[in-house]
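Okay, everyone, thanks for coming. Let me put this one up on the screen and walk you through a few things in it.

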Amino acid sequence: MEDVDVLSDGTITVCGKMNFHGVAPIGLSAKPILAKLHTNGTMVQQFGINGIMYFDALFQGNDSFRNICFDNQNRILISGYAQYPYPYSRSYYYFRLLNNDGSNATDFGNNGILYFNLGTSTTDFSNYISRIMIIDYQIYGLGWTSYGNNRKTTLFKLANGTLDVTENLIEAFTVYPNPINKIVNISNEKGMVIQNIKVIDTKGKILQSKSFLSQSEIQMDLSNISSGMYFLHISTLNGNAIYKIIKK
């Protein structure tokens, strides 16, 4: 086990790696794993295989997840390294974004997967992540990169929009009332055209989705949705914004 974190629904998420006899002739290879547990320590059986998800190594080498954090949609962001097998000396920073049910978040990287090298163009390099954070919808990472006899500490920030949220739109809309009884109103003074609105539960499931044509003032009826916390995902021609809402 490398890291552990707790979702807003109380489930415990754990990441790490599983050693196995792979293609490397020396020692063991490893596959990254992710597990979910209830607060009483029992596995969340509907997640992966009896509570555990096993991922193939990207390059049939030695991969590991080392950090977990969650975005504002309760999607699971895990990071670590993806390593080539022996005799290569090559490992990448490795990110994976999953929906709460374990499916890939297809709007992130390449079908939920992102890996990169911060070293030189030489064939031998190593990249290792020590910690990741999500701050104002941006992903920050801390780790180190080595190539040849050089090793450097790295602090990096992934490009704007990596988590499919345009930060400056968060203040653009007014969502009211909140908590919501039946009807939620969405308005904006800038007249931005709303294309689509989704209501997403804390497990990442889309409960309601509605498309619009050239509208900037919206009313949505949420009377058929149970009481609880949800996320309102607003898509516009200028980008996206996500709001936390409470249904009475």
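So, a quick one to start: which residue in β6 is the bridge partner of F65? It's G80. A word on what you're looking at: this is a predicted model, where local features need pLDDT of at least 70, side-chain atom pairs count only at pLDDT 80 or more, and totals for chains, interfaces and linings use all residues. Residues are numbered from 1 along each chain as its sequence is written, and side-chain values use heavy atoms, with hydrogens and water left out.

Back to the strands. When I say strand, I mean a DSSP run of E with at least two residues, numbered from the N terminus, and two strands pair if DSSP finds at least two bridges between them. β5 pairs with β6, residues 76-83, in the antiparallel sense over 6 bridges. Zooming out, 4 strands make an open sheet, in the order β5-β6-β7-β8, with antiparallel pairing. The edges are β5 (64-70) and β8 (113-116); each has a single partner strand, so one side of each is left without a neighbour in the sheet. On average, neighbouring strands here are turned by 20° against each other, direction ignored; the axes behind that are lines fitted to C-alpha atoms, and angles run from 0 to 180 degrees between N-to-C directions.

Now the aromatics. Rings of Phe, Tyr and Trp (its six-membered ring) pair if their centres lie within 6.5 Å; planes under 30 degrees apart are stacked, over 60 edge-to-face, and the rest tilted. By that rule we get 16 aromatic pairs. One of them is Y93 with F116, tilted, at 5.4 Å centre to centre and 40° between the planes. Y93 sits in strand β7 (residues 91-98) and F116 in strand β8, so this pair ties together parts 23 residues apart in sequence.

Then F116 also pairs with F156, edge-to-face this time, 5.5 Å centre to centre with 90° between the planes. F156 is in strand β11 (residues 150-157) and F116 in β8, so that pair ties together parts 40 residues apart in sequence.

Last stop: F59, Y84, Y88, Y92, Y115 and F125 form one aromatic cluster. And for contrast, look at Y54 in strand β4 (residues 52-54): at 41% relative accessibility, Y54 counts as partly exposed.

Terms used:
Buried means under 20% relative accessible area, exposed over 50%, partly exposed in between (1.4 Å probe, protein chains only).
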